[in-house]
Amino acid sequence: SQDIPGLSFQGGYLTRMNQRDSTDYQKITIAAPNGRFDGTAESDRFLFFGGDYTGISGLTLSYYHARLDEIYQQNYLGAIHQFKLGPGEFKTDFRYFLSDEEGEGKAGSVDNQYVGVAFGYKLGGHRLTVGGALSSGDSAMPYIAGSEPHLISEYALSSEFLNADEHYWNVRYDYDFAAVGLPGLTGMLRFMKGTNVELPERLGGSGQSESERDLELSYVVQSGPLKNVAFRVRNARYQNSFAANATMRDDNETRVNVDYTWKLW
């Protein structure tokens, strides 16, 4: 709903989900890499609601509540502020999650506070972003299996940097080649690092670390029969100090994506 000027409201109720590697709809489960939670616990009720307020120039304020019945509940606060600074534009991105178990807590104890902030500066085709996040509490931050949590580390390919007590930071550089006469072509380089990771003893114990380096080149066709088709090439190099039986393993992967959005109405 966008009936109130400056306010966008969303709500939803889900009973089943279809995973990317599945052909049928199943009950909803919690993501449980590195033994964080009981990934076999199922729920057939996921409720969420919240909204974004943009009534103040350059500022977006967000609040959302989510509840996976008998497993976990979560509150989210976000604020994005963009303003002119000198010849460029400065952006601050703040995100806070408060999570605990809901009802019977079928997936185990959930107790997590996640706070993340990023600062970016854009000048011409250049954008430099630095950010960090702290995860605290007795568990990692929960999210639905197969989904992408809205984190400072979003769109990482090999890990989400969300282990219990993890301290995370990243540096990211983006370039829009439209600044040199090549509209539709963009590039990105990012380095991410997580330290102070708390794992079960069988997976390495406390004091573990992980890192990922991302490279991305993307082009969106500007005209002709393939207009708005996007081609992306992404490479990630991921390393960690976890035990060999942990879910996340060292890897070096390259992905090629072809993206197109159909406008139905």
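These questions and answers look at three residues, K227, D165 and N196, in a predicted model. Residues are numbered from 1 along each chain as its sequence is written. In this predicted model, local features need pLDDT of at least 70, side-chain atom pairs count only at pLDDT 80 or more, and totals for chains, interfaces and linings use all residues, while side-chain values use heavy atoms, with hydrogens and water left out.

Q: Between which two strands does K227 lie?
A: Strands are DSSP runs of E, at least two residues long, numbered from the N terminus. K227 sits in a loop. That loop runs between β12 (208–220) and β13 (230–240).

Q: Is K227 buried, partly exposed or exposed?
A: Buried means under 20% relative accessible area, exposed means over 50%, and partly exposed is in between (1.4 Å probe, protein chains only). K227 has a relative accessible area of 44%. Therefore K227 is partly exposed.

Q: Which residues is K227 in contact with, leaving aside its neighbours within four places in sequence?
A: Contact means heavy atoms within 4.5 Å. With those neighbours set aside, K227 touches V221, Q222 and Y260.

Q: What is the phi of D165, and where does D165 lie?
A: Most residues other than glycine have a negative phi. D165 is not a glycine, yet its phi is positive, at about 60 degrees. Its place is the loop between β9 (126–136) and β10 (167–176).

Q: In which strand is N196, a residue with a positive phi?
A: N196 is not a glycine, and its phi is near 60 degrees. At 37% relative accessibility, N196 counts as partly exposed. Its strand is β11 (residues 185–197).

Conventions
Helices (H or I, at least four residues) and strands (E, at least two) are DSSP runs, numbered from the N terminus.
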